[in-house]
Amino acid sequence: MPDVIASAPGRINLVGEHAGYNQSFVLPVAIDRRTYTAVGRRGGELFIAFSKELGKKTSFEILPGRFEHSNFWVNYVKGACTLLNKDKTIEGTNFAVGSTVPRGSGLSSSAAYVVSIIEAVAHLYGVDLDEMDVPILAQRIENEFIGVQTGIMDPFVAKFAREGSALLIDTRSLEYQHIPMPEGCSILVCVTGVKRALATTEYNRRQQQCQEAVAELCRILDRNLTSLRDVTAEEIKEVDGEMDQTLYMRALHVVTENDRVVKTGAALMNGDKEFVGNLMLESHASLRRNYQVSGPELDAFVEIAEPLEGVYGARMTGAGFGGSAICLVESGNENELATRIAREYKQRGFEDGYVFVARTGCGSRIEKS
Ligand code: GLA
């Protein structure tokens, strides 16, 4: 029997894509798919980890700076144990991890994984953590131990989400607000079945381009800007032609997306699902045209869903280049809509996709201790 079991959810992002690493607002929702990490003390120096999904078991000692290339997934465990071991309280531990969050589908399975590991280890060894330390540590693990420059959004929602609500996060101040999802709507997750091969390179390139856009805007506007959060859409539009065209499009997406998050938050509070749907469609168009992170599969889902009766809106979610799209639909016949959208997607020649109805989920929790 394990000593502690912790869990954390996957997520969709309602709106606020590629905004989180630009100190802007984001609006994710945790879903009812979770990753579970069971841990047990074994003492000594040896750590043994088992992943149910990968069907793999491996053992290691935590030696700082040593990465496993063959068992890549174990770097998350090593990262968590290394960063949580400041007071040298952590000893050899057994880990077993199982998950219902589809991997490689843009639903943030890695944040669910790493947050559940942090919670389980911290609880087992009584590591004193503030709530806010959890997403910050999770982000550090992804950045420093995995080498992916992800933002704070995914671990943040994996920690703080509340069932039935979206989470409005100001990624600059880390202030957040739970906004209840309106009555009578459901979320469909449309998994493209495309592994995000380009995702890491293109993701890092977009981050780089945003930094370059900030530098150009500082020069053109003759102002000190720390991020794209510091400029308005009007200001960006005024400098069209003066800026490198690619950087202009990237900046325009980020700044308009930030406005869309604020508007979506207000529309959710007013229960205005039609307006939320329109903002989602606008977000998708901007990600496709200006940020250029969509792809034929994601566009197909949005094109199929948009004209259907009962669909408020649709867009890609997550980093893009495959992964998943989401639809906000009227509750009542969400299952029929899911079947229809999946069927039409297949008819377009995309073999591997599927669609499921996602309920909202809650943030990380200790399931057993
Ligand atoms: C990935 C990252 C997030 C965010 C999205 C794009 O999911 O993990 O931090 O940047 O891409 O919005």
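Ala, Val, Leu, Ile, Met, Phe, Trp, Tyr, Cys and Pro are counted here as nonpolar, Asp, Glu, Lys and Arg as charged, and the others, Gly among them, as polar. On this scheme the shell around the ligand holds 4 nonpolar, 4 polar and 3 charged residues. The structure is a predicted model, in which local features need pLDDT of at least 70 and side-chain atom pairs count only at pLDDT 80 or more, while totals for chains, interfaces and linings use all residues. Residues are numbered from 1 along each chain as its sequence is written, and side-chain values use heavy atoms, with hydrogens and water left out.

The residues around the ligand are R11, E17, H18, Y21, T150, G151, M153, D154, Y203, G318 and A319, where a residue is near a molecule if one of its heavy atoms lies within 4 Å of it. Polar contacts, that is, pairs of N or O atoms within 3.5 Å, are made with several of these residues. An oxygen atom of the ligand lies 2.5 Å from an N or O atom in the side chain of D154. Backbone polar atoms also take part: one in H18 is 2.6 Å from a ligand oxygen, and one in G151 is 3.2 Å from a ligand oxygen. Of the 310 Å² of accessible area that the ligand has on its own, the protein covers 93%; accessible areas come from the Shrake-Rupley method with a 1.4 Å probe.

H18 is placed in the loop between β1 (4-13) and β2 (25-26); strands are DSSP runs of E with at least two residues, and helices are runs of H or I with at least four, numbered from the N terminus. Most residues other than glycine have a negative phi. In H18, however, phi is positive, near 60°. H18 is buried, with a relative accessible area of 5%, where buried means under 20%, exposed over 50%, and partly exposed in between (1.4 Å probe, protein chains only). D222 also has a positive phi, near 55°, and lies in the loop between α5 (199-221) and α6 (233-238). D222 counts as exposed, because its relative accessibility is 69%.

Strand β7 (residues 165-170) is largely enclosed by the rest of the structure, because 6 of its 6 residues are buried. In a regular strand the side chains alternate between the two faces of the sheet. In β7, S165, L167 and I169 point one way and A166, L168 and D170 the other way. Two strands pair if DSSP finds at least two bridges between them. β7 pairs with β2 in the antiparallel sense over 2 bridges, and V26 has I169 as its bridge partner. β7 also pairs with strand β8 (residues 176-180) in the antiparallel sense, over 5 bridges, with Y176 as the partner of I169. The hairpin of β7 and β8 has 5 residues between the strands, and L174 in the turn has a positive phi of about 65°.

In strand β10 (residues 311-317), 7 of 7 residues are buried. β10 pairs with strand β11 (residues 324-330) in the antiparallel sense over 6 bridges, and T317 stands opposite S324. These two strands form a hairpin with 6 residues between them, and G318 in the turn has a positive phi of about 85°.

A disulfide is a pair of cysteine sulfur atoms within 2.5 Å, and the count by this rule is 0. The sulfur of C327 is 3.8 Å from the closest cysteine sulfur, in C190, and is therefore too far for a bond.

Key. Polar contact = N/O pair within 3.5 Å; in protein donor to acceptor, adjacent residues only side chain to side chain.
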